[in-house]
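Okay, thanks everyone, let's get going. Have a look at the model on the screen, and I'll talk you through a few parts of it.

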Amino acid sequence: MRSRDFVGGLVAVVPDVTLSRWLDAGRDGYDKKGKLSERDPLADQFDLVVIGGGPGGYASAFYAASAGMKVALIERDTIGGTCLNRGCIPAKAFLETAAANRHVAHASEFGVKATSAGVDFSVSQARKARIVDGLVKGLSGLTKSKKVSYFLGTGSLEANRIVNIAMADGSVQKVQGSKVILASGSVPRTIKGFPIGGSIMTSDEVLMLSTIPKRIAIIGGGAIGCEFASTFADLGSTVTIIEGAPKILPGLDPDVANVVVKTFAKKQIAIRTGVVVSGQNKQPDGSTQITFTTGDPVVCDVVIMSIGRRPFADELGLKGTAVKVDDRGFVVVDELCRTGEPDVYAIGDLINTPQLAHVAYAEAILAVKHMRGESVVPVMYDRVPWAIYCHPEVAWAGPSEEQARAAGHEVVVAKHQFRANSRAMILGETDGLVKVIAKKNRDGSAGQVLGVHMVGPWVTEQLAGGYLAVNWEASVDEIAEFIMPHPSLSELFGETVLSLTGRSFNA
Ligand code: FAD
């Protein structure tokens, strides 16, 4: 495939509508022309029924409605799902509280006389709740303005795309969709011997805290674990990260991960890697002791379980359908998010793709376009943008240097540090770097941009240029022509790419 066949990380695939009609024609529930024939007279009819109102579900519903489809959206709890109510948004709201506290602590460096008298976390909690409520209201308003039929209840799928809804008010309703999208998301994983409750929490409980725990142990040094570590360390807690792998943030480019580890050390976050947790027990003073197969125990007031999330297909029914669930609980789909059941798609955290809200959005668009017979673009999962919002932030698209080499590429790499960037100095946030990995041309020069990896101030907001470069399969020479505003943090990406041309200003 040639480079410009790619559009924003996606590959164009034009479906053969005639072929799919012909395929549909022989199936149960379709007449000879491939039109749906098995309408259930007792079920309300929709073009699309969506189960789950998280990012995947609401994006599907709104996108389909804006394309003129008659849509039912079923949610058992609160619209917005994990991301809005128990994930991305509340976690970032607390990271911002932590940033405010950090700024006060460093205010004297700017000549500002300010001292923190501590953080009233109940105020931070109320602020978070206002942000979440506002966004939930916004989504509820969109269901009305886009004329999406919203059902507050638990949806379960049976044959012929019929969905029974156990409504929150105790009644039962039945709907049928010409198409169905399953988007029931995920829930936190737990481990045996660590019953959730009291001082042992998952992200769900942590995000509802109204006081800041003194000593926190976080089991799991992945993205969510590191975000919590950063938040609570900046809020004054004593934090220990416990990770079974040899390093935290496994999978990250080591140059990037090292910056996080060094900055976490400055925050006095203790990191215990390569350890196996064996249990926990309550101490007479109310604290919790975590034990390991080898090594000293960790004593803390709150344990945060952050060992990933499992897909939540538990309430989906699926009896009488050909939807397959694998042994890890993921609904099995093809590259177009189609399940084994005709006209039933699955998206988001429920399927085995990166558990990110924006990936769920992309899959929602893909599924809706495909069901409408439009030209579709499968998501290229190895090029999606990733963002970790701890301090320092991390963001990347495309392979790390190690991954690019392991994939058989000869590469040319450039790294530039934020400590030489004027805007970073002005902000007082100089930890971090930008690393660009490019394919090596035959003459040894740098060619196509493969990966862009960043760590430092506001890099989650700076990744967009790198994401475009990677997904457009742009060359170093092309990107080096781009003009970045001065003074800006994004100049560092520009300079890193410029240096790959063999010339530079500042390096
Ligand atoms: P969900 O958001 O889990 O939504 C599924 C919905 O389906 C839920 O509301 C659930 O109640 C409902 N449901 C389930 N079963 C049924 C049923 N049978 N009938 C009706 N309704 C049902 N991602 C990012 O991209 N960026 C971040 O910064 C980020 N930060 C995160 C921080 C934390 C602490 C956590 C926990 C997650 C974070 N994520 C982040 C991940 C992100 O939240 C998920 O990838 C995203 O929410 C997945 O969307 P989804 O629609 O697939 O599922």
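So, which of the 37 residues around the ligand come nearest? Those are Gly56, Glu75, Thr82, Lys92 and Ala357, where being near a molecule takes a heavy atom within 4 Å of it.

Quick housekeeping. This is a predicted model, with local features needing pLDDT of at least 70 and side-chain atom pairs counting only at pLDDT 80 or more, while totals for chains, interfaces and linings use all residues. Residues are numbered from 1 along each chain as its sequence is written, and side-chain values use heavy atoms, with hydrogens and water left out.

Asp349 puts a polar side-chain atom 2.9 Å from a ligand oxygen. From the backbone, a polar atom of Gln355 is 3.4 Å from an oxygen atom of the ligand, and an N or O atom of Leu356 lies 3.3 Å from one. Taken alone, the ligand exposes 1000 Å², and the protein buries 96% of that; those areas are Shrake-Rupley with a 1.4 Å probe.

Who builds the shell? Helix H3 (81-86) is one of the elements giving two or more residues, and H3 has the largest share, with four. Helices here are DSSP runs, H or I, of at least four residues, and strands are E runs of at least two, numbered from the N terminus. By type, the shell splits into twelve nonpolar, 17 polar and eight charged residues, with Gly counted as polar.

Now the sheets. One is open and antiparallel, five strands in the order E19-E20-E23-E22-E21; pairing needs at least two DSSP bridges. E19 (386-388) and E21 (411-417) each have a single partner strand, so one side of each has no neighbour in the sheet. On average, neighbouring strands are turned by 15 degrees against each other, direction ignored. E19 and E20 (393-397) share three bridges, and Trp386 stands opposite Trp396 in E20. Helix H12 (459-471) packs on this sheet, touching E19, E20 and E23, and makes about 170 degrees with E23. Contact there means heavy atoms within 4.5 Å, and angles run from 0 to 180 degrees between N-to-C directions of axes fitted to C-alpha atoms, for helices over the stretch in contact.

The other sheet is also open with five strands, E9-E16-E10-E11-E12, but parallel. E9 (200-201) and E12 (270-273) are its edge strands. Ile200 has Val303 in E16 as its bridge partner. Lying across E10, E11 and E16 is helix H7 (223-234), at about 165 degrees to E11.

Key. Polar contact = N/O pair within 3.5 Å; in protein donor to acceptor, adjacent residues only side chain to side chain.
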